[in-house]
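Please consider the following points while examining the structure shown here.

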Amino acid sequence: MRKTIKEKILQQKKDSQFYVKMICEGQSSLSREVFGRLFLQYMCAKFLLEPEEITTDNFYEICQISAEKAAKRPHGELDAAEAASKCGGATTAMNKKILFLLAVNREYGINVTAEDSVRIDTFTQLCDCIYQKLEEKQV
Amino acid sequence: MYDVKKSIDVELNVQLVYTALIHEYAYEGPCRFGPPEALTQEFDLMNQAEIFKMWTQGYGGALSHIPGIHLLDPLYIKMSDEFFITEEEEQKLVDRVGKADIFIFTGMRGEGIMKEFAMRYHVPVAGEGMFASTIEHAVLNARGYESYAILDLPDAIRLLKALRTRKALARTKVLGVTRNNSHYSMGGQDAFISNDMVTKKLGVRFNYFSFHEFLDMMHVNEHGKNHTLPGRQVYNLTDKDMEEVKAWSKELTDGSVENDVQEHYIENSVKAAVLIQKLCEHFGCNAFTAVCPDGCATRRMNEEQFTFCFSHSLLNEMGIPSGCEYDLLGTLSIAALANLTGKAPYMGNTQPCIWRGKQVEGEFAGIGYIEDMDRTQNIYYSGHATPNRLIHGFDSEKTAYSLRPFTHSGWGATMRIDFSQFRGETITLMRFDPLCEKIMVAKGTVLGGFGYTTTGCSEGVYFEVADKYEYFHKQAKFGLHMPLVFGDHIEDVKMLGEVLGMEVVTA
């Protein structure tokens with residue numbers, strides 16, 4: 001069981017690196033639409049999710065779905081548990097969002113700032129932000 | 001309509017403050033732990049910004065929907081793990097001193113910042129969240145500074161409503177129409193011992209005004225001819241005022257279920273309500289009380305053919321606290337209850353029912369036997385011919401009413417509400433004590449009503465209390481008139497007591 005989980009995580013890590021490579025190498029020719037599809041695959045690999053499990057554009061909810069899947073808790077319960085502890089007020093899903101953005105910064109060589117982060121509420125906004133940062137990097 | 005600056009329109013300015021702890025280095029230790037990436041400064045910058053956003057949108061969003069609460073732009077104060085804030089950050093807070101009525105802090109390890117700020121600038125602060133609230137309140141309370149602990153959102157709302165009520169009381173100025181002295185009337189001996197002490201304690205001001213001057217001003221277009229102020233151009237009603245009197249009277253007549261009062265007698269009573277507003281605008285007042293038996297004994301009300309009952313009903317509905325019998329204490333209790341609950345209080349003589357068999361004592365007050373008397377001893381009544389249509393709330397649908405004369409002769413319009421329709425509903429009653437050091441608050445369940453079809457002061461509500469004797473002996477230290485509203489507001493009044501620094505006595 002543990003072996004299976006470990007293998008799955010390693011595989012999804014490889015998958016995410018694959019999409020980083022695709023995006024970075026094809027950066028100059030990628031349309032926003034194609035970039036969005038590839039970035040969705042990247043995010044799914046990072047979040048250990050399948051694309052069909054993403055049923056919302058709300059990025060915080062996507063983080064929540066991922067966190068709940070990881071914790072194998074029913075929908076809605078994970079944040080309640082986190083909020084109850086209230087240490088600083090951060091939820092697991094919120095931390096997941098930030099860790100994800102820090103990974104994006106590191107793996108794509110860009111700088112999504114705290115000011116950018118706080119403005120990102122949806123996956124669409126996230127893609128717009130990253131796409132723009134990659135374009136700026138290219139210039 | 002005259003421009004009366006009502007206390008129910010007073011807003012409480014609330015400042016949310018988030019202290020963001022940004023660690024300068026990544027390290028683990030007894031107070032922080034986690035994967036390396038979650039310990040970096042970059043992580044903290046994003047994490048704290050996210051929490052601030054969530055807090056101000058969620059918590060602040062909920063508070064901003066509370067009537068009378070005005071949220072100032074939330075403040076984000078950065079603090080490093082050296083646990084101090086720079087002068088620039090402190091200035092953000094200082095800029096809001098004088099603008100905010102309360103500063104609500106949250107954030108990790110911000111208690112010291114909050115403490116220092118409260119002690120330096122003497123501003124009320126509250127801690128939100130489990131650690132901040134408990135620590136901060138213990139620290140500041142012990143040092144004699146004003147502070148509050150907030151448990152959750154309902155607790156915060158209760159606190160803010162109480163603080164808003166305190167501010168509203170401090171903006172209250174009572175037009176007190178008196179005959180013989182400024183502190184109490186013949187019918188309202190259970191008054192504040194010192195009105196000046198009330199001003200010191202609550203910030204309430206009093207504008208004393210002659211009963212005779214008031215009655216002279218009821219005479220239309222006779223400016224300069226008043227016996228009490230000869231040659232002085234004062235505030236007598238005018239033709240324009242009378243247009244309003246007639247329109248308002250017609251509206252009240254048309255809206256009544258039954259009307260036993262002749263048109264000109266209704267207008268006589270409405271004239272008083274318009275003159276009160278005119279004088280309130282002139283003197284900057286927003287609450288009212290006038291003598292009753294003392295005025296009655298002058299025989300001038302018999303001459304003018306009106307009573308103040310209708311004015312009390314109408315003004316209380318408008319959010320202008322209006323109390324019978326020059327009861328300044330009761331009037332301020334109305335003001336407090338109205339502001340705290342958003343409802344128009346009804347104030348009457350509040351007494352336990354006493355009976356043997358079916359013989360009820362005090363039938364002169366209009367009360368009598370009700371079947372509940374066979375079931376329980378714990379029956380009280382509250383009665384005056386001054387009910388109003390908004391005891392359930394200023395925003396509620398107006399209760400149906402009838403108009404009856406106060407006097408046998410037919411003059412003195414009064415509003416009558418049939419309280420029996422509210423059987424089973426909870427009411428809350430409150431009153432300050434004569435020293436202005438305590439508040440009594442009590443709860444009851446409506447059993448029925450009396451006086452809906454009659455004349456005189458015999459209109460009111462029967463209600464059941466937990467223990468009649470306990471209630472009575474506690475109330476006897478506070479006074480006769482206990483303003484009431486529908487609903488259970490015991491906890492709200494307890495919070496008001498906390499905010500005003502008053503002991504709260506419950507029954």
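1. In this predicted model, B:Ala336, B:Leu340 and B:Thr341 of helix 13 of chain B are in contact with B:Asp492, B:Val493 and B:Leu496 of helix 15 of chain B. By class, the residues of this contact comprise four nonpolar, one polar and one charged.

2. Two packed helices are described by the angle between their axes and the distance between the axes. For helix 13 (residues 328-341) and helix 15 (residues 490-500) of chain B, the angle is about 115° and the axes lie 11 Å apart. The crossing of helix 13 of chain B with helix 15 of chain B is right-handed.

3. Helix 13 of chain B also contains B:Ala335. Is B:Ala335 buried or exposed? B:Ala335 is buried, because 30 other C-beta atoms lie within 10 Å, and a residue counts as buried at 20 or more.

4. Leaving aside residues up to four places away in sequence, B:Ala335 touches B:Ser7, B:Leu169, B:Thr172, B:Ala287 and B:Pro321. B:Ser322 stands 13 residues from B:Ala335 along the chain, and the C-alpha atoms of the two are separated by 8.3 Å.

5. The domain assignment divides chain B into domain 1 (7-167) and domain 2 (172-506). Taken over C-alpha atoms, the centres of domain 1 and domain 2 of chain B are separated by 42 Å.

6. How many residues of domain 1 of chain B are in contact with domain 2 of chain B? There are 11, and they meet 16 residues of domain 2 of chain B. The side belonging to domain 1 of chain B has five nonpolar, two polar and four charged residues.

How values were computed:
Residues numbered from 1 in each chain as written. Chains lettered and ligands numbered in written order. Predicted model: local features only at pLDDT ≥ 70, side-chain atom pairs only at ≥ 80, totals over all residues. Axes fitted to C-alpha atoms, helices over the stretch in contact; angles between N-to-C directions. Helix = DSSP H or I, 4+ residues; strand = E, 2+ residues; numbered from the N terminus. Left-handed = near helix turned anticlockwise from the far one by under 90°. Contact = placed C-beta atoms within 7 Å. Nonpolar A, V, L, I, M, F, W, Y, C, P; charged D, E, K, R; others polar. Domains from an automatic or database assignment. Buried ≥ 20, exposed ≤ 12 C-beta atoms within 10 Å, placed from the backbone.
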